[in-house]
Amino acid sequence: MNDPAPAISSQPDVTTGDYMVSALALNGQVRAFACRTTLLCQKAQAIHQMSPVAAVALGRLMTGTLLMAEQGLKNATDTISLIIRSNGPLQGMTVVGTGHQTVRGYCYQPVVETVLKRPGKLDIGQAVGEGTLTVIKDLGLKEPYMGKVELVSGEIAEDLTYYLASSEQTPSAVGLGVLVDANGISHAGGFMVQMLPDATEETIQYLETRLGGFPEVTYWMQEGFNPDQILDLLFGDPDIQYFSHKPLSYVCTCSRERMEKNLIALGARELVDLAQDPEGVNLECHFCSNHYRFSQQQMQTLLSELIQPRPE
Ligand SMILES: [Zn+2]
């Protein structure tokens with residue numbers, strides 16, 4: 001289902017705010033996006049109370065989803081969902097991005113043990129484990145577009161790169177970073193670089209060399225560089241052209257009406273069972289933890305509407 005587009009201010013704060021920048025570089029042969037997502041990752045952390053590994057994994061997937069939304073969605077009402085189902089302690093994650101630069105998401109197991117890859121470096125691949133990545137794009141057409149791949153490493157950036165190459169035939173490089181310290185998430189962001197069809201072999205090799213030695217996004221963010229400056233550093237191209245700067249935010253679109261629709265979608269048999277309970281039904285939104293209570297009488301009303309729909 002499409003999301004309504006809320007009014008958001010159009011000018012982001014490029015010094016400290018969350019935002020997405022898009023650019024063209026290397027004689028128009030490469031398209032690039034970069035973003036800062038620190039505040040929205042902190043908001044997700046406040047909602048879900050995740051352990052560090054879960055917060056980093058979800059932060060990376062939310063950042064990657066926003067980059068893919070910027071690259072692949074055209075209208076404000078379009079949505080893209082990235083769903084990971086895996087056999088590691090996190091079990092998986094669901095993230096939804098929209099064409100108006102919002103994101104929401106959750107981890108199936110928000111509290112898992114911290115495992116380090118090396119001192120100071122969380123092992124996200126181990127926490128995610130083996131499994132699949134499913135991408136669903138709802139572009140307002142009759143059928144949503146769906147693609148599915150096996151996870152490569154569970155480190156997220158590699159998995160998205162593999163998905164883009166194999167499912168969408170778009171050669172890309174994706175960098176994602178979420179840094180946690182004793183106080184929680186301190187920096188988060190990412191970039192995505194895509195070769196355009198007329199990219200020369202020379203350009204491809206130049207970029208591969210630069211990407212090979214490029215430090216992590218969060219390293220640059222700690223040094224005080226913003227997403228524009230990170231693309232500057234990556235390309236070393238004085239003629240890079242920046243296009244839009246858009247604010248990013250964590251927004252949930254749940255409502256009582258949507259929860260009613262979810263209940264009705266369960267079907268009459270299930271609803272009859274639920275309407276038996278004198279305590280009523282308590283639903284929690286996975287994305288924002290809002291609670292929606294339906295009394296037994298409200299459940300019976302829903303049931304009667306299902307059997308005899310109210311006129312439109
Ligand atoms: Zn919600």
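Please bear in mind throughout that the model is predicted.

Let me begin with the metal. Which residues supply the protein donors of the zinc ion? They are C252, C254, C285 and C288, each through its SG atom, and they lie 2.2 to 2.3 Å from the ion. The angles among these four donor atoms run from 102 to 115°, and the site is tetrahedral. For orientation, the ideal angle for four tetrahedral donors is 109.5 degrees.

In sequence, the donor residues follow the spacing C-x1-C-x30-C-x2-C. The pair C252 and C285 links distant parts of the chain, 33 residues apart. C252 sits in the loop between β13 (249-250) and α8 (256-265), while C285 sits in the loop between β14 (281-284) and β15 (291-294). Are these two cysteines buried or exposed? C252 has 23% relative accessibility and counts as partly exposed. C285, at 5%, counts as buried, because the cut-off for that class is under 20%.

I turn now to two helices. Helix α5, residues 201-212, packs against helix α7, residues 227-235, at an angle of about 115°, and their axes are 9 Å apart. On the α5 side, the contact is made by Y206, L207, R210 and L211; on the α7 side, by L233, L234 and F235. Sorted by class, this contact has six nonpolar residues, one charged residue and no polar ones.

Leaving aside neighbours within four places in sequence, S22 is in contact with A32, F33, Q241, Y242, F243 and S244.

E70 belongs to helix α2, residues 52-72. With a relative accessible area of 15%, E70 is also buried. Which side chain does the side chain of E70 meet in a polar contact? The partner is K246, at 2.8 Å. Beyond its neighbours within four places in sequence, E70 is in contact with M20, F33, Q101, S244 and K246. For a sense of distance, E70 and T132 are 62 residues apart in sequence and 23 Å apart in space, taken from C-alpha to C-alpha.

S172 is found in strand β10, residues 172-181. At 15% relative accessibility, S172 counts as buried. The side chain of S172 reaches the backbone oxygen of T170 at 2.9 Å, and a polar contact of 3.1 Å joins it to the side chain of Q194. With neighbours within four places in sequence set aside, the contacts of S172 are T161, L164, V193 and Q194.

Finally, I wish to mention two backbone angles. Q91, which is not a glycine, has a positive phi near 65°. Q91 lies in the loop between β3 (79-86) and β4 (92-98), and at 41% relative accessibility it counts as partly exposed. I156 likewise has a positive phi, of about 80°, although it is not a glycine. I156 is found in the loop between β9 (145-150) and α4 (157-166). At 0% relative accessibility, I156 counts as buried.

Thank you for your attention.

Methods. Residues are numbered from 1 along each chain as its sequence is written. This is a predicted model: local features need pLDDT of at least 70, side-chain atom pairs count only at pLDDT 80 or more; totals for chains, interfaces and linings use all residues. Side-chain values use heavy atoms; hydrogens and water are left out. Donors are N, O and S atoms within 2.8 Å of the metal (3.2 Å for Na, K and Ca); water is not among the atoms, so sites may look incomplete. Four donors count as tetrahedral if all angles lie between 85 and 135 degrees; four count as square planar and six as octahedral if opposite donors are over 155 degrees apart and all others between 65 and 115; anything else is irregular. Helices (H or I, at least four residues) and strands (E, at least two) are DSSP runs, numbered from the N terminus. Buried means under 20% relative accessible area, exposed over 50%, partly exposed in between (1.4 Å probe, protein chains only). Axes are lines fitted to C-alpha atoms, for helices over the stretch in contact, and angles run from 0 to 180 degrees between N-to-C directions. Contact means heavy atoms within 4.5 Å. Ala, Val, Leu, Ile, Met, Phe, Trp, Tyr, Cys and Pro count as nonpolar, Asp, Glu, Lys and Arg as charged, and the others, Gly among them, as polar. A polar contact is a pair of N or O atoms within 3.5 Å; within protein, one must be able to donate a hydrogen and the other to accept it, and residues adjacent in sequence count only if both atoms are side-chain atoms.
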